[in-house]
Amino acid sequence: MEKNTESSENWVNLADVATHLGVSQDTVRNWLKSGKLPTYKAGRQYKFQLSEVDRLLKEGKLAEE
């Protein structure tokens, strides 16, 4: 049986994304506000999947304008 890696991937928070990318949390918040970075809400917290963040970065969609 093949394992679906997307569904088994851990969810991370905003601080984890900032650390992973080496940017400030304010930069991540700006990407959220501008719609560049899709997010999911769990209660009052934003949750992300690093594979999705990495994909957007590789596609150049997180570049500062």
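The model is a predicted one.

Start with the overall layout. The chain holds 4 helices and 2 strands. Along the sequence they run α-α-α-β-β-α. The chain has 65 residues, and 28% of them are buried. Its accessible surface is about 4900 Å². Carbon and sulfur atoms supply 47% of that surface. Now take the contacts with a separation of 6 or more. Residues 24 or more positions apart account for 53% of them.

F48 and V12 are 36 residues apart along the chain, yet their C-alpha atoms are separated by 5.2 Å. How accessible is F48? Its relative accessibility is 1%, so F48 counts as buried, the cut-off being under 20%.

N13 caps the N-terminal end of α2. A side-chain oxygen of N13 lies 3.2 Å from the backbone nitrogen of A15. Within α2, the residues L14, V17, A18 and L21 are buried. They cover an arc of only 100° around the axis, so they sit on the same side of α2. The helical repeat gives the background: an α-helix has 3.6 residues a turn, so residues three or four places apart point the same way. The buried residues of α2 pack against α3, β2 and α4. Just after α2 comes G22, with a positive phi of about 70°.

Next is α3. Its buried residues are T27, V28, W31 and L32. Their arc around the axis is only 145°, which puts them on the same side of α3. They pack against α2 (14-21) and β2 (45-47). What does the opposite face carry? The face of α3 turned away from its buried side holds the exposed residues D26 and K33. G35 follows α3, and its phi is positive, near 85°.

The structure holds 3 salt bridges. Side chains of opposite charge can pair when their charged atoms come close. In one of these bridges, the side chains of D26 and R29 meet at 3.0 Å, N to O. The two residues are 3 apart in helix α3 (residues 25-34), so about one helical turn separates them. R29 has 34% relative accessibility and therefore counts as partly exposed.

R55, E59 and K61 are linked in a network of salt bridges. The side chains of R55 and E59 meet at 3.3 Å, N to O. K61 bridges to E59 as well, with the closest N and O atoms 3.2 Å apart.

E9 is buried yet has no salt bridge. Which side chain of opposite charge is nearest to E9? That is R55, 9.7 Å away. A salt bridge needs the nitrogen within 4 Å of the carboxyl oxygen. What does E9 meet instead? A polar contact of 2.6 Å joins its side chain to that of S51. A polar atom of the E9 side chain also lies 3.0 Å from the backbone nitrogen of L50. Not counting residues up to four places away in sequence, E9 touches Q49, L50 and S51.

Conventions
Residues are numbered from 1 along each chain as its sequence is written. This is a predicted model: local features need pLDDT of at least 70, side-chain atom pairs count only at pLDDT 80 or more; totals for chains, interfaces and linings use all residues. Side-chain values use heavy atoms; hydrogens and water are left out. Buried means under 20% relative accessible area, exposed over 50%, partly exposed in between (1.4 Å probe, protein chains only). The arc is that of the directions from the helix axis to the C-beta atoms. Contact means heavy atoms within 4.5 Å. Accessible areas come from the Shrake-Rupley method with a 1.4 Å probe; for residues, only the protein chains shown count as cover. Lys and Arg count as positive and Asp and Glu as negative; His and the chain ends are not counted. A polar contact is a pair of N or O atoms within 3.5 Å; within protein, one must be able to donate a hydrogen and the other to accept it, and residues adjacent in sequence count only if both atoms are side-chain atoms.
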